[in-house]
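Morning, everyone. I have one model to show today, and I'll keep it quick. Here it comes on the screen.

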Amino acid sequence: MKKSEKTEITITKIIESAMAEFGEKGYAGGTVNNICKTGINKGLVYHNFTGKDELYLTCLKISCEKFAKYIFENDGAADLEGYMTARMEFFDSFPNEAHIIFDALLNQPQHLSGEIDQMLEEFNGLNDRICKKTLETVTLREGIEMEDALSYFHLIQTTLNGYFSSPAFQNVDLKEKVKLHEKIIPKLLNLMLYGIAGDVANF
């Protein structure tokens, strides 16, 4: 076997172990030592990666790319219903990838915020694309432009993520957070589009 082939096999094993480690424990709980407990030589880890940060970012990049590929291959980019269905199917089918993405969204290590934001661009871009398509199906109030509506969506999204990052959820494991987060999103979008008042004539 060629040296390049051995290196490729080694890197694949390291990434598979890192995906499982960060998928279960997130960035904060994940360690290179635990990754090596699967039988990987620590020297080989540091020969191919600079350390925990690069491993985590590599896993996040793989997770986001896999998510986007799944959405497009399963007709999830056409409308909100299709997107939410494909999104939940992905999170159910690929829990490690789901947990890594949500760990980056909800528990972002500050020293990696710039790199993480770049990795999440495609994920967030898909959210924006579906939100815009949904907004195009409704008549916006007079004086409200698409840009205003999207800014409001971003505010809601940021507030929701902040809520799930708050002390209120500090004892809730990531798997349960993902389920709750995804359950709330359609309701919030419905409220955003149609409001909460049944009859506004009395205002």
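First, the ground rules. This is a predicted model, where local features need pLDDT of at least 70, side-chain atom pairs count only at pLDDT 80 or more, and totals for chains, interfaces and linings use all residues. Residues are numbered from 1 along each chain as its sequence is written, and side-chain values use heavy atoms, with hydrogens and water left out.

The overall picture. The chain has 10 helices and 0 strands. The C-alpha trace spans about 75 × 35 × 30 Å along its principal axes. Of the 203 residues, 38% are buried. Buried means under 20% relative accessible area, exposed means over 50%, and partly exposed is in between, with a 1.4 Å probe and protein chains only. Now contacts, meaning heavy atoms within 4.5 Å. Take those between residues at least 6 apart in sequence: 64% of them join residues at least 24 apart.

Next, helix α9, residues 146-164. Which residues of α9 are buried? They are Ala-149, Leu-150, Phe-153, Ile-156, Leu-160, Asn-161 and Phe-164. Down the axis of α9, these buried residues fall within an arc of 130°, so they line one face of the helix. That arc is taken from the directions between the helix axis and the C-beta atoms. Why does a spacing of three or four places matter? An α-helix has 3.6 residues a turn, so residues three or four places apart point the same way. On the other side of α9, Glu-147, Leu-155 and Thr-158 are exposed. The cover over the buried residues includes α6 (95-106), α8 (121-135) and α10 (174-194).

Stay with α8. Helix α4, residues 52-73, packs with α8 at an angle of about 35°, and the axes are 9 Å apart. Axes are lines fitted to C-alpha atoms, for helices over the stretch in contact, and angles run from 0 to 180 degrees between N-to-C directions. From α4, the contact uses Phe-67, Ala-68, Ile-71 and Phe-72; from α8, it uses Glu-122, Phe-123, Leu-126 and Arg-129.

Also in α8 is Asn-127. Asn-127 counts as buried because its relative accessibility is 6%. Beyond residues up to four places away in sequence, Asn-127 touches Tyr-83, Arg-87, Phe-153 and Gln-157. Asn-127 and Ala-77 are 50 residues apart along the chain, yet their C-alpha atoms are separated by 9.4 Å.

Now Ser-17, in helix α1, residues 3-29. Is Ser-17 buried or exposed? Buried, at 9% relative accessibility. A polar atom of the Ser-17 side chain lies 2.8 Å from the backbone oxygen of Ile-35. Leaving aside neighbours within four places in sequence, Ser-17 is in contact with Ile-35, Thr-38 and Ile-40.

Last one: Asp-75, in the loop between α4 and α5 (80-93). Asp-75 is exposed, with a relative accessible area of 63%. Its phi is near 55°, a positive value in a residue other than glycine.

That's my tour. Questions, please.

Conventions:
Helices (H or I, at least four residues) and strands (E, at least two) are DSSP runs, numbered from the N terminus. A polar contact is a pair of N or O atoms within 3.5 Å; within protein, one must be able to donate a hydrogen and the other to accept it, and residues adjacent in sequence count only if both atoms are side-chain atoms.
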